[in-house]
Amino acid sequence: MICVSLGRTRHKMVVAEHRALAERGAELVELRLDWLSHLPDVGRLIENRPTPVIITCRRAEDRGRWRGTEEQRQTLLRSAIVSGVEYVDLEEDVARTIPRYGKTKRIVSYHNFDETPVDLQQIHNRLARLDPDIIKIVTMANSPGDITRMLQLVKHSDKPTAGFCMGEIGLPSRILCGRYGSPLTYCTFNADRELAPGQIQFEEMRDLYHYDRIGLDTQVFGVVGDPIAHSMSPLVHNIALQKAGIDAVYIPFRIPQDTLARSLNDLDWLGIRGFSVTIPHKEAAASIAIRESPTVHTIGAANTLIRTPDGQWESENTDYDAILQSVLAGLGVESDDASILAGRKVILLGAGGAARSAAVAMSAHGALVTIASRTRKRAETLADEIGCQHCGWENRGAGEPDILINTTPVGMHPNVNDTPFNANWLNENMLVFDTVYNPEQTLLIKHARERNCKVVTGIEMFVRQAARQFELFTSQPCPSEEMRASLRAAISPIGKPY
Ligand code: NAP
């Protein structure tokens with residue numbers, strides 16, 4: 001079950017938010033008494049409560065906001081129990097002094113905001129001796145292996161154990177803990193108010209990840225990267241999995257740089273079936289796979305890992321085809337026949353990972369590619385490697401290209417008034433492809449439309465690379481239109497489509 005944590009400074013607001021949460025479908029709400037700026041009046045908060053509640057009052061030493069005395073705090077917890085609240089959260093030391101009474105269930109909790117200790121099982125044993133109905137263990141994840149240890153503890157416990165890790169690295173454990181038998185996961189009532197590190201909003205947990213439907217048979221996929229918080233991949237993949245009626249979930253994994261192989265090994269127990277791969281792991285992903293596609297071999301980087309039946313990884317690079325197909329679609333070619341590219345002049349802005357895929361894809365089909373990069377040396381190195389031309393950043397407008405591809409982040413939100421290419425360097429015979437997808441209508445795309453250029457936006461590429469991953473993961477056709485619509489909605493003022 002999802003428990004929504006609610007913390008506000010005024011009683012009136014707690015009562016109003018609680019009612020609103022019930023209307024939003026919340027089934028269990030944690031009332032954080034320590035967030036109130038005045039001495040809490042428990043009776044007022046629980047009278048006519050619209051959902052069952054957990055009463056929690058965290059001390060400053062447990063990263064809570066309680067500023068009253070410990071005696072006052074314990075009196076509040078006892079009075080909540082006497083009033084018959086459904087659950088009360090008691091920290092290990094307090095659980096010893098506050099006995100069971102009436103029907104109120106006891107959540108005996110342990111929090112560690114620094115690490116996931118090696119002796120998790122001993123901590124669990126200690127809490128189990130304190131008459132809990134639910135043992136709650138919440139720790140900071142500093143590496144993906146912490147997630148595995150925590151979920152193993154939950155799975156093998158003989159007492160109901162709500163166990164998950166905090167922080168961005170720990171997020172997968174919040175989403176997956178129910179799969180291993182955790183009776184609760186915690187979410188925040190409002191995306192702007194995180195009551196514990198790494199909490200996500202209630203609707204995201206319920207309507208995007210479908211927490212309550214994740215079972216041991218649910219297939220797990222994910223995206224690895226660092227940073228990963230703003231990745232749109234969980235959104236488009238979960239929407240597509242749901243539309244296709246597949247029992248699967250797709251989760252973001254923050255994996256620190258240079259730790260991909262070790263981290264995937266540490267996550268092995270979770271049986272994850274496939275990963276999308278983003279910065280900074282694309283080269284490492286290519287090197288850990290036992291089998292690579294010809295595209296990965298040529299580019300030297302992979303954006304997809306697929307589990308083989310014997311538990312190894314195969315790699316693919318779906319950016320390559322996504323770029324190629326996006327350009328062909330922009331030129332009005334809906335087949336895979338790329339012969340139209342032969343002899344076309346392409347200016348490629350940027351010399352990073354996306355530029356590499358684009359340069360290889362265009363050159364392989366006979367296009368005459370020139371790479372322009374802010375850091376000249378990078379353009380030169382990439383051009384030498386691929387066997388194409390390069391030019392200085394200041395000369396990028398000098399040629400008269402047939403195709404312009406921007407693979408720099410210039411123009412990306414929030415810098416929407418920037419463009420990497422002057423409007424007066426554009427002409428109506430050009431195809432302009434901006435790989436930036438947030439916003440979709442970048443200033444470069446707007447200028448190109450004004451000059452009657454053909455245009456392709458970054459959404460085209462994003463959806464095509466994700467759709468191909470979906471097919472590799474599930475062996476089923478991808479509902480690409482749903483992916484496209486969800487991505488457009490997410491970057492629009494309407495906001496997330498769930
Ligand atoms: P990357 O490896 O970090 O490369 C970024 C490139 O952009 C580098 O050449 C960098 O030059 C250049 N650059 C950065 N800031 C610049 C600026 N202010 N002015 C001029 N050049 C600048 O990143 P990547 O993986 O190639 O991704 C680049 C962009 O492509 C992303 O931001 C994203 O918008 C887009 N992309 C889109 C998709 C999609 O599916 N639509 C997929 C992948 C990427 P320096 O070497 O001088 O820093």
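## A tour from the ligand outward

Start at Gly 458: one of its polar backbone atoms lies 3.0 Å from a nitrogen atom of the ligand. That is a polar contact, meaning a pair of N or O atoms within 3.5 Å; within protein, one atom must be able to donate a hydrogen and the other to accept it, and residues adjacent in sequence count only if both atoms are side-chain atoms. The protein covers 77% of the 920 Å² of accessible area that the ligand has on its own. Accessible areas come from the Shrake-Rupley method with a 1.4 Å probe; for residues, only the protein chains shown count as cover.

Before moving on, note that this is a predicted model: local features need pLDDT of at least 70, and side-chain atom pairs count only at pLDDT 80 or more, while totals for chains, interfaces and linings use all residues. Residues are numbered from 1 along each chain as its sequence is written, and side-chain values use heavy atoms, with hydrogens and water left out.

**Around the ligand.** Select Gly 353 next. A polar backbone atom there is 3.0 Å from a ligand oxygen. Then pick Arg 374: an N or O atom of its side chain is 2.8 Å from an oxygen atom of the ligand. Now show the 22 residues around the ligand. To be near, a residue needs a heavy atom within 4 Å of the molecule or strand. Ala 351, Ala 354, Arg 374, Thr 375 and Arg 378 come nearest. Colour the shell by type: 11 nonpolar, 9 polar and 2 charged. Here Ala, Val, Leu, Ile, Met, Phe, Trp, Tyr, Cys and Pro count as nonpolar, Asp, Glu, Lys and Arg as charged, and the others, Gly among them, as polar.

Show α14 (353-363) and α17 (458-474), which each supply at least two shell residues. α17 gives the most, with 3 residues. Helices (H or I, at least four residues) and strands (E, at least two) are DSSP runs, numbered from the N terminus.

Follow α17 to Phe 473, which pairs with Phe 221 in strand β9 (residues 219-225) and so ties together parts 252 residues apart in sequence. The two rings are stacked, 4.9 Å centre to centre and 20° between the planes. Rings of Phe, Tyr and Trp (its six-membered ring) pair if their centres lie within 6.5 Å; planes under 30 degrees apart count as stacked, over 60 as edge-to-face and the rest as tilted. The count comes to 7 aromatic pairs.

Another pair joins Phe 164 and Tyr 186: the centres are 6.0 Å apart and the planes at 45°, so this pair is tilted. Phe 164 is in β7 (residues 161-166) and Tyr 186 in β8 (residues 185-188). Buried or exposed, at 2% relative accessible area, is Tyr 186? Tyr 186 is buried, as buried means under 20% relative accessible area, exposed over 50%, and partly exposed in between (1.4 Å probe, protein chains only).

**Backbone stops.** Most residues other than glycine have a negative phi, and most peptide bonds are trans. Select Asp 226 and Pro 227: the peptide bond between them is cis, with omega near 5°. Finish at Asn 452, where phi is near 65°, a positive value in a residue other than glycine. Asn 452 is exposed, with a relative accessible area of 56%.
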